[in-house]
Amino acid sequence: MKKQEIIEKHRKYLFSCVANYYEEPLVVEHAKGSCVYDIEGREYLDFFGGIVTISVGHCNEKVTGAIQQQTNKLQHLSTLYPNEPHVRLAEKLAEITPGRLQKSFFTNSGTEANETAVLVAQLHTKCQDVIALRHSYSGRSHLAMSLTANSAWRLNLTPVPGIHHIPNAYCYRCPFGLTYPSCNLKCAKDIEEAIQTATTGRIAAFLAEPIQGIGGIITPPREYFKEVVAIVRKYGGLFICDEVQTGWGRTGGKMFGIEHWGVEPDIMTFAKGMANGVPIGATIATPEVADSMKGMSISTFGGNPVTSAASLATIQVIEEENLVENARVMGQRLREGLEALKQKYPLIGDVRGMGLMQGLELVGENKRPDAGAVKRLFERTKANGLLIGRGGLMGNVIRIAPPLNVTRDHIDQALKTLDQSFAQIGL
Ligand SMILES: Cc1ncc(COP(=O)(O)O)c(C=O)c1O
């Protein structure tokens, strides 16, 4: 098919909510490593990796090799019969996740991983109330949309009851008008009053991303999670850590985002980069929490042998090629370059994130969110051969997340293209 035909069929046959980036959508034909190629053969440096999903490069040979091998051997089974890739992946997760997390339940997406986490937390605590953060994104099921605190993504007319949203740790626009560290972490402490006023006084869980991705790379202060999780536990709640974006070395120097903050979750959820783009979701919990989910539950494709083999191969590449460290080193280089751009362009109000998960908040006078500038920058970066992402409640945050094995040359090339593109849009 030709480009226009694909674009027209997309408009005609898919739900209109399946929206594309760019004034003229980019029709990608193939991809390799850090690059994607459009249908006319033009190369783009991919600094968004799907949606923060390509961990070890597009079409990584070790991952595709594992997929091919497993496909030829055993492609589908269901969880009614034990199989080796499924249990090997579960064992691997138990080995590399922090603390006492040990038993996993596999699904197909981050949405389902969060659904499973909330269900098991409610069953374990025999409570319904869940606290989540404003600006968060948790997925697109009825429950996950109700956990999400961003009106753009909340399409359900009657949200699930018992979910309460508290202000997030958004230091650039502190919800309490305070400044870190003199704020004394008011945002973390606020959860206590939320529990005392909006719940029965006991909660099932607090669910949060270590760094809010779609929310606009909102990165909390170092002490935030220790403070907030201590209060959650005081009221009987479990801490569900959503590592869908921050997992697998993305934040640099640590395998999981929460490890930077020195807190052990009771439940963790994964998806996206865990299998380098093959559909997967996983929920891991401590044995006593996991075993609270009694009775029947099944996911037809959860723990699929091919998906599990893809995930095992992805994790193996991350470990063998030292990509957690590469994400730290390359993340530092990227961050320095972004800080330099901030000095040059007043449009960049804030640079934040960790490792290879970085964000630029674009603003006008008095920090006015400038979503229009993001749109203009998008068109320029595309024309200049660079793919980036966007996010933030006001749509004014650029999100940057190249593969974990990105090279120094590609970081420099992306920074140069961003510089050129900012110069072209002005301000
Ligand atoms: C933090 C977070 N949690 C959950 C999800 C939902 O994952 P999925 O789209 O695989 O259902 C996303 C998706 O972007 C996410 O960013």
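1. Two strands count as paired if DSSP finds at least two bridges between them. The model discussed in this note is predicted. In it, strand β3 (residues 43–46) pairs with strand β13 (residues 386–387) in the parallel sense, over two bridges.

2. The strands β2 and β3 form a hairpin with four residues between them. In this hairpin, Gly 41 takes a positive phi near 90 degrees.

3. The next point concerns a pair of helices. Helix α7 (residues 186–198) packs against helix α8 (residues 224–234) at an angle of about 10 degrees, and their axes are 8 Å apart. Because angles under 35 degrees count as roughly parallel, α7 is roughly parallel to α8. On the α7 side, the contact is made by Ala 188, Lys 189, Ile 191 and Glu 192. On the α8 side, Tyr 224, Glu 227, Val 228, Ile 231 and Val 232 take part. The residues of this contact comprise six nonpolar and three charged, with no polar ones.

4. The crossing in which α4 passes α10 is left-handed. From α4, the residues Pro 85, His 86, Arg 88, Leu 89 and Lys 92 meet α10. Their counterparts in α10 are Pro 305, Ser 308, Ala 309, Ser 311, Leu 312 and Ile 315. By residue type, the contact of α4 with α10 divides into six nonpolar, three polar and two charged.

5. The last point concerns the ligand. It is surrounded by 15 residues, of which the closest are Ser 109, Gly 110, Thr 111, Gly 139 and Val 244. Helix α5 (residues 110–125) gives the most to this shell, with three residues. The shell around the ligand divides into five nonpolar, eight polar and two charged residues.

Notes. Residues numbered from 1 in each chain as written. Predicted model: local features only at pLDDT ≥ 70, side-chain atom pairs only at ≥ 80, totals over all residues. Axes fitted to C-alpha atoms, helices over the stretch in contact; angles between N-to-C directions. Parallel < 35°, antiparallel > 145°, perpendicular 65-115°, else oblique. Contact = placed C-beta atoms within 7 Å. Nonpolar A, V, L, I, M, F, W, Y, C, P; charged D, E, K, R; others polar. Near = placed C-beta within 6 Å. Left-handed = near helix turned anticlockwise from the far one by under 90°.
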